[in-house]
Amino acid sequence: MATAQADVPTRTLADFPTEPGPLLHVLHELQDSAPIVWLPEFHGYLFTRRADVTALLRDRRLDASIAEQSFTVLSSDQRAQLAQLMRCVSLWMGHTTTDG
């Protein structure tokens, strides 16, 4: 199971508001204070800076199936709360899926 690097701060889903306005405020704050955070619920990292996300999306070693697997560790309530994000990930990252 993946764990956070010692120098990367940890946040949980409870740290993120569910309303779009407050959520964007938190994400903007993280861009300045902690552009990469560990989310234990996903067993992965959250990147908040556009340049970092763009570089990740262009990395041919990453594909949608890896990102989609992160959602399987969540409870059904958490998955329901993040349904829109899950759909966006599957559509947005679909272009990066490789055949082998």
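## Overall layout

Helices and strands here are DSSP runs, numbered from the N terminus; a helix has at least four residues and a strand at least two. In this predicted model, the chain contains 5 helices and 2 strands. Their order along the sequence is α-β-β-α-α-α-α.

The chain has 100 residues, of which 24% are buried. Among contacts with a separation of 6 or more, 59% are between residues 24 or more positions apart.

## Thr48, between a strand and a helix

Thr48 sits in the loop between β2 and α2, the helix of residues 50-58. Is Thr48 buried or exposed? Thr48 counts as buried because its relative accessibility is 10%, and the cut-off for buried is under 20%.

Which residues does Thr48 touch, apart from its neighbours within four places in sequence? Thr48 is in contact with Leu27, Leu30, Gln31, Ala34 and Pro35.

## Aromatic pairs

A pair of aromatic rings is described by two values, the distance of the centres and the angle of the planes. The whole structure holds 2 aromatic pairs. One of them joins Trp38 and Tyr45, with 4.9 Å centre to centre and 70° between the planes. This pair is edge-to-face, because planes over 60 degrees apart count as such. Trp38 is buried, with a relative accessible area of 6%, whereas Tyr45 is partly exposed at 33% relative accessibility.

Phe42 and Phe71 also form an edge-to-face pair, at 5.4 Å centre to centre and with 85° between the planes. Where do these two residues lie? Phe42 is in the loop between β1 (36-39) and β2 (44-47), and Phe71 is in the loop between α3 (64-70) and α4 (76-81). The pair therefore ties together parts that are 29 residues apart in sequence. Phe42 and Phe71 are both buried.

Ser90 belongs to helix α5, which covers residues 83-92. With a relative accessibility of 29%, Ser90 counts as partly exposed, because that class covers values between the buried limit of 20% and the exposed limit of 50%.

Ser90 and Ser65 are 25 residues apart along the chain, and their C-alpha atoms are separated by 8.2 Å.

Terms used. Residues numbered from 1 in each chain as written. Predicted model: local features only at pLDDT ≥ 70, side-chain atom pairs only at ≥ 80, totals over all residues. Heavy atoms only, no water. Phe/Tyr/Trp six-rings, centres within 6.5 Å; stacked < 30°, edge-to-face > 60°. Buried < 20%, exposed > 50% of the residue type's maximum accessible area, 1.4 Å probe, protein only. Contact = heavy atoms within 4.5 Å.
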